[in-house]
Amino acid sequence: MAELGKATQQELKELSSAFQIYGDFIEGCPYGSGHINDTYKVTYSVGGARMNYLLQRINHHVFTQPANVQSNILRVTRHIADKLRAQGVEDVSRNTLTVILTKDGEPVYHDADGNWWRMYIFVEGASTYDQIQSAQQAELVGEAFAGFQNMVADLTNPRLHETIPHFHNTVKRYEALQAAIAKDAFNRAKDVATEIAYVEARANTFGRLLERCEKGEIPERVTHNDTKLNNVMLDDKTGRGICVIDLDTVMPGLALYDFGDMCRTATANAAEDEQDLSKVYSRLDMFEAIAKGYCRGAKFLTPGEKEELAFSARLITMTIGIRFLTDYLQGDVYFHVKRPGHNVDRCRTQLKMVQSMEDQADKMEAIIQAALAE
């Protein structure tokens, strides 16, 4: 098999033929801007009409249990599709991903070279964006992720596979950081003493959501766990968020993780690795837009969840900062770096975002209360 992104037309034809699709192969080409999986748009002729599919190789180095990942995705997408049909939605395949099974009836294809492949119906007439264009768009994204969570709020039995254990567990991430500091394998701890102290000063808050979950005040839910703007497809005509995509990390978690990570990415006014920290802060207008859209759509929220919405933005931003800091101390083994100290720059932007959110905490809390009251 060719390297990532380099599959030939013949290879794409042979791979796609393993799935339950019909007609004649026309062409395939690399698609999207993702950095983890290997994605192609494959076009078939069906009775003279062109039919597009997404063929994707799952990165089994990142997702070490591809069959469990795809089992989760199949359950979630079928659950949503059933609900959409019950609501009378006509074009279900534009409102949720549709998994194409293999000819053996499986949701994923394991090829002779050990690669894992999946296929979806291509969502037509919709686009993704890497940068938020406006507050209105942020509001629609918030509403779309809330709608996704609404659809899967009752998908609890049996429990989905936890494909990446403790993914957003801040306590576990902090324990990993402490271990990296103690080992200091690359003699780097001295260079980030300020960042370490900043994190340690807030450690008593890291278990807050998990403790409330254990008490039953915040329920475990099915969560997306990667709520970036470009994981929502927006209708080309209306701009409305119609389909949540990139479901690899869908698994049990807290709804607050999704809201917090959405705020982290959507409110940042600077790049994740910005070196000039004077440019880094959390935009209150974007937070308000996200909050309005999310609170309007999230009909399932319990009192406990509502109380922690603003805090979750700070917690998840801190969690990502901890992950960057840990990776730096461990020798930059997880996140791809382009320059020395790249992970330190990333860590510092996250911690500056946390500080910005702390400085605006009262305003953010007021925004949440207003959004919930609408």
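Ala 203 is partly exposed, because its relative accessible area is 23% and this class lies between buried (under 20%) and exposed (over 50%), with a 1.4 Å probe and protein chains only. Ala 203 sits in the loop between α5 and α6 (208–214), and its C-alpha atom is separated by 7.9 Å from that of Tyr 174, 29 residues apart along the chain.

This is a predicted model, in which local features need pLDDT of at least 70 and side-chain atom pairs count only at pLDDT 80 or more, while totals for chains, interfaces and linings use all residues. Residues are numbered from 1 along each chain as its sequence is written, and side-chain values use heavy atoms, with hydrogens and water left out.

| Helix pair | Axis separation | Angle |
|---|---|---|
| α5 (residues 193–200) and α11 (residues 342–359) | within 11 Å | roughly 40° |
| α10 (residues 309–329) and α12 (residues 361–373) | 8 Å | about 130° |

In the contact (heavy atoms within 4.5 Å) of α10 with α12, Leu 309, Ala 310 and Arg 314 meet Ala 361, Met 364, Glu 365, Ile 368 and Leu 372. From α5, Glu 195, Tyr 198 and Val 199 meet residues of α11 including Cys 347, Arg 348 and Leu 351.

Methods
Axes fitted to C-alpha atoms, helices over the stretch in contact; angles between N-to-C directions. Helix = DSSP H or I, 4+ residues; strand = E, 2+ residues; numbered from the N terminus.
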